[in-house]
Amino acid sequence: MPCARVGAVVAVLALVVAAGATAGPTASLGSRDCAPTEARATFDAFVRAFNLGNGAALDRLIAPRGSFVWFSVSGAGQRLGDRSKNRSTLARYFATRHVQRDRLTNITFRGGRNANGYGQFAFLLTRSADDELPARYEGKGAVICDDGGDTIAVWSMGRRVALPVTAPPARLPAAGWHVGSARVSSCAGCVQTESWASTVAYRDPANQLPPHRTMAALPRTGVIVHVTRSWEPSPPAWVHLPHPLRITPHAVTASFEGNTTGGRASRWNGATWRAGSYVSVWVIFGRSSPTAAQLRTAQAELDGAVFAPWRIGMR
């Protein structure tokens with residue numbers, strides 16, 4: 001987003017701050033105007049404390065009740081309207097955001113002039129957290145400068161554009177297999193990819209489990225390996241647990257939902273957290289009790305899968 005837009009935010013901030021200050025007629029301002037470097041120093045100190053989850057430092061850096069105007073945020077952890085003007089809830093808010101590993105990075109800062117007793121600033125930054133895909137945010141704020149310590153009285157931050165994420169699908173060995181992969185575009189607010197390897201031509205769309213048409217064409221000696229990689233906001237803790245992807249005969253069953261082969265085919269499934277994504281695997285065999293050779297073939301294909309790292313949020 002161009003710096004000109006940051007400048008425009010600074011230009012209108014005087015009016016916003018004035019409106020906020022008049023909304024609370026008892027608000028007290030600092031003992032002096034801010035020097036050019038003070039707003040930036042206070043902003044930087046706040047970002048450091050926010051990223052570290054340092055509650056004591058955050059409390060010191062937010063203006064006291066008599067001077068505080070608002071702290072508003074869109075997107076994850078939304079804090080808008082009257083809620084943004086309630087300073088007493090900020091400590092709990094900051095603690096909650098730290099649990100979600102909320103981080104502010106890649107900052108473009110623009111300082112403005114002093115107006116109505118406030119040192120103004122505007123910024124662009126990247127925000128990432130466990131409950132939101134990375135995005136660019138635009139914001140504005142105001143600092144009160146005082147010999148007892150400079151504090152932030154106004155903070156407004158709005159989500160502008162989602163950022164691309166690094167999320168390659170699993171890559172399965174192609175030798176002797178029909179392989180493919182795809183990104184699932186219908187996954188709103190999350191990320192999902194599908195990869196498959198089949199001993200016969202794969203006949204189903206990417207996000208189809210079970211793969212009915214491919215199963216119907218699978219001979220008794222055939223095997224299908226299907227791998228899903230996914231990320232979603234704020235998953236339960238068990239999603240992040242690693243498990244071995246080891247196919248065992250006792251875990252193979254012909255009784256699974258969607259088995260349209262009348263029990264002829266069977267399935268093994270497993271899941272783990274790997275390389276920044278949740279990995280779910282289906283292995284389908286062309287017979288209800290796979291042979292030792294089929295188990296070895298499927299395991300070798302799964303062992304050869306490459307899981308390039310995903311970079312989403314802060315994990």
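A polar contact is a pair of N or O atoms within 3.5 Å; within protein, one must be able to donate a hydrogen and the other to accept it. By that criterion, a polar side-chain atom of T261 contacts the backbone nitrogen of A265 at 2.9 Å. The model is a predicted one. The chain has 315 residues, of which 49% are buried, and its secondary structure amounts to 6 helices and 10 strands.

**Chain totals**
- Counting contacts between residues at least 6 apart in sequence, 63% join residues at least 24 apart.

**The five-stranded sheet**
- An open sheet of 5 strands runs in the order β6-β7-β8-β10-β9, and the pairing is antiparallel.
- Its edge strands are β6 (178-183) and β9, each of which pairs on one side only.
- From one strand to the next, the twist averages 15°.
- Strands β6 and β7 are antiparallel and joined by 6 bridges; here V179 stands opposite A197 of β7.
- Strands β7 and β8 pair in the antiparallel sense over 8 bridges, with E194 and T228 as bridge partners.
- Strand β8 is also joined to β10 (residues 277-285), again antiparallel, by 8 bridges.

**Strand β7**
- In β7 (residues 191-198), 8 of the 8 residues are buried.
- In a regular strand, side chains alternate between the two faces of the sheet.
- One side of β7 carries V191, T193, S195 and A197, and the other carries Q192, E194, W196 and S198; both faces are covered, with all of these residues buried.

**Loop residue T261**
- T261 sits in the loop between β8 (223-231) and β9 (266-274).
- T261 counts as buried because its relative accessibility is 17%, and the cut-off for buried is under 20%.
- Besides the backbone nitrogen of A265, at 2.9 Å, the T261 side chain makes a polar contact with the side chain of N259, at 2.6 Å.

**R136 in strand β4**
- R136 belongs to strand β4 (residues 132-144).
- With a relative accessibility of 17%, R136 counts as buried.
- The side chain of R136 reaches the backbone oxygen of N106 at 2.7 Å.
- Leaving aside residues up to four places away in sequence, R136 touches T105, N106, T108, L124, L125, T126, G158, R159, R160, V161 and L163.
- R136 and T126 are 10 residues apart along the chain, and their C-alpha atoms are separated by 4.5 Å.

**Helix α2**
- Helix α2 (residues 38-52) has 15 residues, so at 1.5 Å a residue it should span 21 Å; its end C-alpha atoms are 21 Å apart, in agreement.
- The buried residues of α2 are E38, A39, T42, F43, A45, F46, V47, A49, F50 and N51.
- G53 follows α2 and has a positive phi, near 70°.

Notes
Residues numbered from 1 in each chain as written. Predicted model: local features only at pLDDT ≥ 70, side-chain atom pairs only at ≥ 80, totals over all residues. Heavy atoms only, no water. Helix = DSSP H or I, 4+ residues; strand = E, 2+ residues; numbered from the N terminus. Expected span 1.5 Å × (residues − 1). Buried < 20%, exposed > 50% of the residue type's maximum accessible area, 1.4 Å probe, protein only. Pairing = 2+ DSSP bridges. Axes fitted to C-alpha atoms, helices over the stretch in contact; angles between N-to-C directions. Contact = heavy atoms within 4.5 Å.
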